[in-house]
Each structure stands twice: as structure tokens, then as C-alpha cells.
Amino acid sequence: MSGWYARAVLHVADVERAVGFYVGKLGFSEAWRHADEDRLLVAQVDRDGCELILSCQWPDGKGHGLIFISLEPDILAAARAEFEQAGVAVKDGEWGYRLMVVEDPDGNQLFFPYPREA
């Protein structure tokens, strides 16, 4: 593999519940999972090249994750409509520019920046 390849790790209390949210509400697919003695410890979810690892192995990190996901304007609008249709609480935010903000059940935040207006 040439170049860099990176995936964010989001710390969650319950990996099964987190996978259910990302797959059932945000349209991700489960790529893989790792369990130890029937306890699900880690799983990866993917959506259109966005790969997130969900882990319960570091409980102190739960809810402190933040990831920026940049989408083309039409895809962002469609994602917002899709998330709201699925019952996800979608908020507007600001971080020097407008954002769409989604929070997972553990408090990890997904920031989707809107394009800057000319």
C-alpha cells in the first residue's frame, strides 16, 4: 500500500449498540468485528470510503470523539434528509463556519462542514 491510510477510532460503551446506530441510522455497513469470549470489543463500519472503528476497550475515551466528514453539497443535503428521516437528531453548528452535527449514542460527534459561501 502506498500513501497513508487512516481510520478514526471512536470509543463507545457498547459496540453492538454503536454498530446498530451507525448501520441502522446513518447508513454505514459493518466491515468486520472482533469479540473475545463472546464480548464484542471492536468493529469497523464503512460508508463510501469513510471508515470508523468502534471500540469499548478504553472506556475513559467514551463520548470524547470528534471527526470531520466532508461531503459535496448535494450529498450533504441528501445525507441530512436521510438522517432526519431515520430519526437522528441533526443539529446545526458552528466552528468558524456552518456545520451539520450528529452525535452518536455515546456522545461522539460527527461534524459535516457546509461549503463556505462566496
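Trainee: Which residues have the most contacts inside the largest nonpolar core?
Mentor: They are Tyr22, Leu26, Phe83 and Val102, in a core of 31 residues. Such a core joins buried (under 20% relative accessible area, 1.4 Å probe, protein chains only) Ala, Val, Leu, Ile, Met, Phe, Trp, Tyr and Cys residues through side-chain atoms within 4.5 Å. The model is predicted: local features need pLDDT of at least 70 and side-chain atom pairs pLDDT 80 or more, while totals for chains, interfaces and linings use all residues. Residues are numbered from 1 along each chain as its sequence is written, and side-chain values use heavy atoms, without hydrogens or water.

Trainee: And which elements give two or more residues to this core?
Mentor: Helices H1 (15–24) and H2 (73–85) do, together with strands S3, S4 (50–55), S7 (98–103) and S8 (109–113). These are DSSP runs numbered from the N terminus, with at least four residues (H or I) for a helix and at least two (E) for a strand.

Trainee: What does tyrosine 22 touch, leaving aside neighbours within four places in sequence?
Mentor: Tyrosine 22 is in contact (heavy atoms within 4.5 Å) with Leu10, Gly27, Phe28, Val45, Leu52, Leu54, Asp104 and Leu110.

Trainee: Turning to S4, how many of its residues are buried?
Mentor: Five of the six residues in S4 are buried, which leaves the strand mostly covered.

Trainee: Does S3 run parallel or antiparallel to S4, and over how many bridges?
Mentor: S3 and S4 are antiparallel, with six bridges; pairing requires at least two DSSP bridges between the strands. Within this pair, valine 45 is bridged to leucine 52 in S4. Two residues lie between the strands of this hairpin, where aspartate 48 has a positive phi near 50 degrees.

Trainee: How many bridges join S1 to S4?
Mentor: There are four, and S1 (residues 8–11) runs parallel to S4. Valine 9 has isoleucine 53 as its bridge partner in S4.

Trainee: Back to backbone angles: what phi does glutamate 37 have?
Mentor: Glutamate 37 has a positive phi of about 50 degrees, although not a glycine. This residue sits in the loop between strands S2 (29–36) and S3 (39–47).

Trainee: Why would one remark on that?
Mentor: Because most residues other than glycine have a negative phi. Aspartate 38, also not a glycine, has a positive phi of about 65 degrees and lies in the loop between S2 and S3.

Trainee: Is aspartate 38 buried or exposed?
Mentor: Aspartate 38 counts as exposed (over 50%) because its relative accessible area is 83%. Glutamate 37 is exposed too, at 74% relative accessibility.

Trainee: Finally, where is tryptophan 95 found?
Mentor: Tryptophan 95 is in the loop between strand S6 (90–94) and S7. With a relative accessible area of 52%, tryptophan 95 is exposed.
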